[in-house]
Amino acid sequence: MPKPGRVSKKILQHELVPEHRVLTLEEAAEVLRKLGVRPWNLPMISINDPIVRILKAKPGDIIEIRRRSPTAGESIVYRIVVPY
Amino acid sequence: MSSPNFKFKEKYVIDRVQFGVLSPSEIRKMAKVTVVVPQLYEADGSPVAGGLRDPNFGAIEPGERCPVCGNTREECPGHFGKIDLARPVIHPGFGDIIHSLLQATCRQCGRLKLPPERIAYLLNLIRRLRRRWPVLARQLAKEIKREAAQVMECPHCGTRQFKIRYTRPIYFYEERPEGEVRLTPINIRDRLERIPDDHIELLGLDPKRARPEWMVLTALPVPPLAVRPSITLETALKAEDDLTHALNEIVRTNLALREQLLGGSPESIVEAAWDRLQQLVAAYVDNELPNVGQITYKRKRPLKLLAQRLKGKEGRLRGNLSGKRVNFSARTVISPDPNISINEVGVPVDIAKILTIPMRVTPDNIEEARKFVVNGPDVWPGATHVYKADEDRKIDLRYNRNWKQLAESLKPGDYVERHLVNGDIVLFNRQPSLHRMSIMGHIVRVMSGRTFRLNLLVCPPYNADFDGDEMNLHVPRSEDAMAEARELLLVEKHILTPRYGGPIIGGRQDYISGAYLLTIKTTLLSKEEVVRILAATDYVGEMPEPAIIKPKPMWTGKQMISLHLPNDMNFRGKAKINAGNLMCGSIDCMNDSIVVVKNGKLLMGVLDKKGIGAEEPQNILHIMALEYGHNTVKNFLDNVFRMFIRVLEVKGLTVSYGDLEIPKEAREKIMKKIEEARNEVRKLIDEYRKGTLETLPGRTPEESLELRIIDVLNRLRDEAGSIAISYLDAFNDVFVMARTGARGSDINITQMSAMLGQQSVRGQRISRGFRTRTLPHFEQNDLSPEGRGFVSHSFVEGLRPTEVFMHAGAGREGLVDTAVKTSQSGYMQRRLINALQDLVVSYDGTVRDSYGNIVQFRYGEDGADPMLTYHGKPVDIDRIIESVRLHKVSIDSRKEVRK
């Protein structure tokens, strides 16, 4: 159920919003192969998430998030876009 | 292997379990009996056909053959019956679902109250979600229901909709303009039947396995007799199970209702019987529902019905499945024994003679096995049973007393159930089992007496003391289990805790006092004392060089420790006493409060709570465990800590009234301080009364006054405390215990020698009791320190009656707090653990749940095992730099020598 309304791109500049990137099909396949999982085993991110809407990602896309981590400096996580 | 006469038969493997709602046709299909008669037995005592004890419910008597399946009671699975209800009734477990369905669908056409295009879109979406993300599908269904319930006119047929009011658990009312109308189960069932299958999917149900109209019962399943056995009393009377009583009531009411319907009784009478039937069926499922009358036995005891069997602490789930009782276990009081290893547990002989381990007879151990058998079951170490492999027979040595002959006849392949003996491994546990160290593997040491004995150093992980604590012991009986316990559960493998990086095992109380007394600079030991102290350990070797030669050879306590440290160990850390006037900034300081170990020698510093205490990260034990392994630490704990106790035996540690008395001079100083504070408070109160008191930001004048007074009085207590402490002798044992962290704190000393200080309840000065004052001893509205719970005397001086009262008030708050806190935090932790229990760190470092879903891409984002870290840090940089520096120094010094 995509919600109406525009999302301002300014939120990307906020210091608490980590860097998001949509993986290409090849990259996504490689991530899944490396982890040995099916796409639906990944953590989810809603299609209605503001960042997902800015990135114009579609359900099934995998998004790479690089965030600062208090224990590891930087950590990379992957999330699959779900249609709800 | 351990139980030779038990063989697994694998016929089918359960692949998955599918839950659903029983449909009426299914209930009718599986029923072997239709119950129509309320009588249970004929006059001759035989069960009535078509009654609740019809033999077709399955065989339960010994030797009885089941008329349905032909099996005896061992093999017969039991068979369901049914009661055909004269009119449908709501199943109380589904009330909430029925309510949400009625609200979301049209009262006329039964369709979901959303436009057709939207339904098509949502149907596609929910089907896609259900395949991969069932969680999301459920969430979506909830949202659809909420959205559809808002619609007040059906988008399909245009019918006007009304609100449905629901009274738990079975009553529904429609709020029509002309007034509220009760919906009968027949109305409800009709509406539910009209909902199309597709729309049911949108509402979060699976139409194949849970059609909503099945939630309104037209036939009630009757469980087999094995579920509700009757018991025969000595008087030959039969007492029926609660379920049978309740079902009987249902059968009667059902029968009455049917007769009224056939006889054409007026609708009001029919409705009364129908309502009674509904209530009975609801109570049959759950006898503790609101708005439903309980079914009672002879109008006294409420019956225990279906839900009551499952629910609660003694219910099937918590009482019989999660909480099974087990064999080969023991429980008794614990008591301390500092002379056994931390890996050991002292087991009373009486228990060792009951707990047994199956011992497979082999050519190598046959003589040993014979000795056990010859001793019989009553002499330790003996045996209770012998299993002869070739005869497939278990012989109980209590009844077959030809032990000599049995021992002779033992052959390899036989099993002997032998007593627990020294060296066996057992699991030892103390509730509440909050972390994995609550169950650890111990090596058995059979002892006289009636209590379990454990080394004091393992008290911290179990959180045990000896004021009557009991602990449980379990015997692993298979070779696999025993090996696993030895490799994974042994106490020494749990010195470090995975909760945070640090040791959880270590000294407390006397161990710390002993370590301090041994390692302080003033301790010099004569040869005799050294020998006595070292005799507490299993040290074998030369006497070290004496530290002092003249007038007679003397050794330092630090040398005793060094004898037991690994030769190349290096360590540097602050002692607990490194505070106040014993503060040390660098190693050049004379206070001995920085601990330095270089090349296995304790060069300076005293060992106290920070050095050898339990739950103190980065102490000597921690570094030793990380760098030399747990076996080294175990030996250190077993030897050196026994030495600490021996030091106390030699030197003595005792406390008396005199240790708390302070000189007159100090007392006078304190009195002066009290007078000063009194004046200050008086001034504050005067200012407040005059209205000139400066208020604190965001506070009322009253609050400001209170805060200022509390501040003044707390300062007074601290000052009085430090005056008292400054007059205490450095070798005063109370002072030593407080400073080293063995027991007590500066505040405890203050309260004993100087003053108790302000007593508080809920963080405020005590202000309640009588309407205008705390006690009748004070004037009304007295804001003075005494009137509001300030205690200016110490325990040594003694308290005045009003002070005792104030102290008791504050003391009670403490007790209440602990009682409340433990239950609340316990439940909080239980929920957290239940939520996280099946997450697993897999070999690739990811954290996954039991479906393989990824929760974290790298455990803790850095992949570090907290148990192996330096208090959370994966690498201790300071330590590495220090060790490199030491290494370089040693190389340099070697170069010097070569020159």
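The legends below describe close-up views of a predicted model, taken one region at a time.

**View 1. Chain A as a whole, with its helices and strands.**
Chain A holds 2 helices and 4 strands, and, read from the N terminus on, these elements follow one another as β-α-β-α-β-β. The C-alpha trace of chain A spans about 35 × 30 × 20 Å along its principal axes. Of the 84 residues that make up chain A, 17% count as buried.

**View 2. The contact between chain A and chain B.**
Here 17 residues of chain A are in contact with 16 residues of chain B. On the side of chain A that touches chain B, the largest share, 5 residues, is supplied by strand E4 of chain A, which covers residues 73-82. Sorted by class, the residues on that side of chain A are 13 nonpolar and 4 polar, with no charged residue among them.

**View 3. An open sheet of 4 strands in chain B.**
The strands of this sheet in chain B are arranged in the order E13-E16-E14-E15, and their pairing is antiparallel. In general, strands of a sheet pair through backbone hydrogen bonds, in either a parallel or an antiparallel manner. Strand E13 (356-360) and strand E15 (393-396) of chain B are the edge strands, each of them pairing on one side only. On average, and with direction ignored, neighbouring strands of the sheet are turned by 20 degrees against each other.

**View 4. Strand E16 of chain B and the strands on either side.**
Strand E16 (residues 415-419) of chain B is joined to E13(B) by 5 bridges, and the two run antiparallel; within E16(B), His419(B) is the residue that stands opposite Thr356(B). E16(B) also pairs with E14(B), again in the antiparallel sense, over 4 bridges, and Glu417(B) in E16(B) stands opposite His385(B). Helix H12 (residues 366-375) of chain B lies across E13, E14 (383-388) and E16 of chain B, and it runs at about 60 degrees to E16(B).

**View 5. The hairpin of E14 and E15 in chain B.**
E14(B) and E15(B) run antiparallel and are joined by 4 bridges, with Tyr387(B) standing opposite Lys394(B) in E15(B). The two strands form a hairpin that has 4 residues between them, and in the turn Asp392(B) has a positive phi of about 50 degrees.

**View 6. Helices H24 and H25 of chain B where they meet.**
The axes of helix H24 (residues 733-740) and helix H25 (residues 746-754) of chain B come within 9 Å and cross at roughly 150 degrees. Angles over 145 degrees count as roughly antiparallel, and the crossing therefore makes H24(B) roughly antiparallel to H25(B). In the contact, Val734(B), Phe735(B) and Ala738(B) of H24(B) meet Asp746(B), Asn748(B) and Ile749(B) of H25(B). By class, the residues of this contact are 4 nonpolar, 1 polar and 1 charged.

**View 7. Helix H26 of chain B along its length.**
Helix H26 of chain B covers residues 801-836, and its 36 residues should span 52 Å at 1.5 Å a residue; the end C-alpha atoms are 53 Å apart, which agrees with that expectation. H26(B) is hardly covered, for the count of buried residues among its 36 residues is 1.

Definitions and conventions:
Residues are numbered from 1 along each chain as its sequence is written. Chains are lettered from A and ligands numbered from 1 in the order in which they are written. This is a predicted model: local features need pLDDT of at least 70, side-chain atom pairs count only at pLDDT 80 or more; totals for chains, interfaces and linings use all residues. Two residues are in contact if their C-beta atoms, placed from the backbone, lie within 7 Å. Ala, Val, Leu, Ile, Met, Phe, Trp, Tyr, Cys and Pro count as nonpolar, Asp, Glu, Lys and Arg as charged, and the others, Gly among them, as polar. Two strands pair if DSSP finds at least two bridges between them. Axes are lines fitted to C-alpha atoms, for helices over the stretch in contact, and angles run from 0 to 180 degrees between N-to-C directions. A residue is buried if 20 or more other C-beta atoms lie within 10 Å of its own, exposed if 12 or fewer, and partly exposed in between; C-beta atoms are placed from the backbone. The expected span of a helix is 1.5 Å times one less than its number of residues. Angles under 35 degrees count as roughly parallel, over 145 as roughly antiparallel, 65 to 115 as roughly perpendicular and the rest as oblique.
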